[in-house]
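My notes follow the model below.

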Amino acid sequence: MTLTAVDKDAEKLTMAFTAEFAATAEQVWRLWEDPRLFEKWWGPPEYPATVVAHEFGPGGKARYYMTGPDGEKYHGATQFVALDPPNSLEFTDVFLDDDGNETEGMPSMTTRVEISGTEHGAQMIITTKFPSLEAMEQLIEMGAEEGMKGALSQVDDLLAAMAS
């Protein structure tokens, strides 16, 4: 995987990651569509994800948690807003407490993923929009940028395993 760009735009309240893969757009799409593949890359390597529900479709919801090195679980939920296979998807992501309720004081984020074929494979652009500058700063401070870089660093090996 080549992470070609990380763009933070405080004015637009966005953070975007652009990555290129030696794979087809359809293979990259499957990383989002298949919950067993999704949990193999979503989150940095030291915080592996476990998907507990995955209704992949407009209006569908997914629930997952990441387990930290200390064993603590960090819960999240995704509401899928729009899907255009294998080109794009849009979702809202929220933090949950252990009981499945939205975590107070934690912002929700809207993310758009664009996948396209390139001369050498596929490009994926993941753009997260934050509700405010404070929310953006809070999540960057919590490690959102490093976390996404870590998550994306796992994709090449996963795509290679899918191809074999």
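I started with Glu145, which is buried at a relative accessible area of 11%; buried means under 20%, exposed over 50%, and partly exposed in between (1.4 Å probe, protein chains only). The model is predicted, so local features need pLDDT of at least 70 and side-chain atom pairs count only at pLDDT 80 or more, while totals for chains, interfaces and linings use all residues. Residues are numbered from 1 along each chain as its sequence is written, and side-chain values use heavy atoms, without hydrogens and water.

I looked up the partner of Glu145 and found a salt bridge with Lys8, with the closest N and O atoms 2.6 Å apart (a side-chain nitrogen of Lys or Arg within 4 Å of a carboxyl oxygen of Asp or Glu). This pair links distant parts of the chain, from helix H4 (residues 144-152) to strand E1 (residues 2-9), 137 residues apart. Lys8 is partly exposed at 44%.

I then asked how many salt bridges the structure holds. The count is five.

Glu39 pairs with Arg36 at 2.8 Å between the closest N and O atoms. Both sit in helix H2 (residues 35-41), three residues apart, and are therefore separated by about one helical turn. I noted Arg36 as partly exposed, at 42%.

Glu114 and Arg112 meet in a salt bridge at 3.8 Å, N to O. Glu114 is partly exposed at 35%, and Arg112 is partly exposed at 33%. Shared partners join Lys8, Glu145 and Lys149 into one salt-bridge network.

Terms used: Helix = DSSP H or I, 4+ residues; strand = E, 2+ residues; numbered from the N terminus.
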